[in-house]
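Hello,

Here is the structure I promised to pass on. Please open it first, then read my notes below with the model beside you.

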Amino acid sequence: MKALHFGAGNIGRGFIGKLLSDAQAELTFADVNQTVLDLLNSRKSYQVHVVGEQERVEPVNNVSAVNSGSEEAVALIAEADIVTTAVGPQILGKIAGTIAKGLIKRHQQGNNQPLNIIACENMVRGTSQLKQHVFDALPQDEQAWVEQHVGFVDSAVDRIVPPAEAGSSDPLEVTVETFSEWIVDQTQFKGQPPAIAGMELTANLMAFVERKLFTLNTGHAITAYLGQQAGLQTIRDAILDPAIRRVVKGAMEESGAVLIKRYGFDTAKHAAYIDKILSRFENPYLHDDVERVGRQPLRKLSAGDRLIKPLLGTLEYGLPHANLIQGIAAAMSYRSEQDPQAKELVELLAELGPKAALAQISGLPAESEVVEQAIAVYNAMQRQ
């Protein structure tokens, strides 16, 4: 199996790339970081530090790398069996042109073998969005062939991969938690899905996309925002604070009630899933900074993301949401000199006022009861 993976960052190397390598794929990374590309090509391997109760180091061997905008990347797409990404939602549009060129070349070379493309991003139906970008870059007369021969497979991914330890001088060093989950929509494959241990097939992807978004992502973000409010440095420090833990667990239970109504998840099993995620936040081996986890607050406060989407579910089903409101107010309070979105949030709050700013960012009606509730909590936080 020939695999091309866009994104040689920590998630690419520590999660998806590792699973592909473990499945004996002939793996090439595509990236723009020349230092990382040169090291991957010279060493042909790297090590993944898996941390938890059974700490271990696992090698990833026989890898190579190309620039993601290069003709080499285009040529690899023409021959690949699977293309994956872990580049971040904002970068999908930037790699679409290379993918489109590769698909045209594949057609020109007469390669009619099925190709499946899977975006492994922290977003809802990321591959469908990547497909739209690719089709925008494809000539009209190529689109029917691509539709017939290329599967764009949505997925849900879950693994905490923090930045490398401070002081680490090896750009390829990567640390990951023991837990990982990669769930893919089996209905979207062309041909037989590849046999990759750790990749789970489902015919009901949205249930698992929303389970992860409403639980791991919602809880992670609220832990970060409340942690920063409390002057705490890491996710572990924050979740061990009883007051923060109470709100985070409460928010995940509120969003969980939406999932149970919407998808029929088992109540006891979902409660166990919440407890599992709280224990992952406590992992003493993961030093994950609250400022890093909280970045991009505008995206996280948008209508389809981890704070507003579960809140909309509670409104749909008439369910409680006081803890989610706390999380939304805390997200509005997030500040970071390193994050352009945090700076933009501050400017919007100053220009429009909190109520109009939240309405514009989230799509919630400015005069709605939930906006009033969120602003009351936000104003109280500013007075503390």
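Start with Glu181 and what it touches. Leaving aside residues up to four places away in sequence, Glu181 is in contact with Phe15, Ala156, Val157, Asp158, Glu200, Arg211 and Tyr273. Keep in mind that this is a predicted model. Glu181 sits in strand β11, which covers residues 181–185. Is Glu181 buried or exposed? Glu181 is buried, because its relative accessible area is 12% and the cut-off for buried is under 20%. Its side chain has a polar partner: a contact of 2.8 Å links the side chains of Glu181 and Arg211.

Now look at the sheet around β11. Three strands make up an open sheet, in the order β9-β11-β12, with mixed pairing. Which strands stand at the edges? They are β9 (155–158) and β12 (199–202). Each has a single partner strand, so one side of each has no neighbour in the sheet. On average, neighbouring strands of this sheet are turned by 20° against each other, direction ignored. β9 and β11 pair in the antiparallel sense, over 4 bridges.

Helix α7 (residues 205–229) lies across β9, β11 and β12. It runs at about 30° to β9.

Next, go to helix α2, residues 34–43. Here Val36, Leu37, Leu39 and Leu40 are buried. What do they pack against? The buried residues of α2 pack against β2 (26–31), β3 (45–51) and β5 (63–67). Check both ends of the helix too. At the start of α2, a side-chain oxygen of Asn33 comes to within 3.1 Å of the backbone nitrogen of Thr35. After α2 comes Lys44, with a positive phi near 65°.

Then the cores. How many residues does the largest nonpolar core have? It has 52 residues, and Leu301 and Ile328 have the most contacts inside it. Not counting residues up to four places away in sequence, Ile328 touches Leu301, Leu307, Ile308, Leu311, Leu358 and Ala374. A second, separate core has 34 residues, including Leu20, Phe29, Leu172 and Val174.

Last, some backbone angles to check. Most residues other than glycine have a negative phi. Gln24 is not a glycine, yet its phi is positive, at about 65°. Gln24 is in the loop between α1 and β2. Gln24 counts as exposed because its relative accessible area is 65%, and exposed means over 50%. Arg125 also has a positive phi, near 50°. Arg125 lies in the loop between β7 (115–119) and α5 (126–137). With a relative accessible area of 24%, Arg125 is partly exposed.

Best wishes

Note on methods
Residues numbered from 1 in each chain as written. Predicted model: local features only at pLDDT ≥ 70, side-chain atom pairs only at ≥ 80, totals over all residues. Heavy atoms only, no water. Helix = DSSP H or I, 4+ residues; strand = E, 2+ residues; numbered from the N terminus. Buried < 20%, exposed > 50% of the residue type's maximum accessible area, 1.4 Å probe, protein only. Polar contact = N/O pair within 3.5 Å; in protein donor to acceptor, adjacent residues only side chain to side chain. Contact = heavy atoms within 4.5 Å. Core = buried A, V, L, I, M, F, W, Y, C linked by side-chain atoms within 4.5 Å. Pairing = 2+ DSSP bridges. Axes fitted to C-alpha atoms, helices over the stretch in contact; angles between N-to-C directions.
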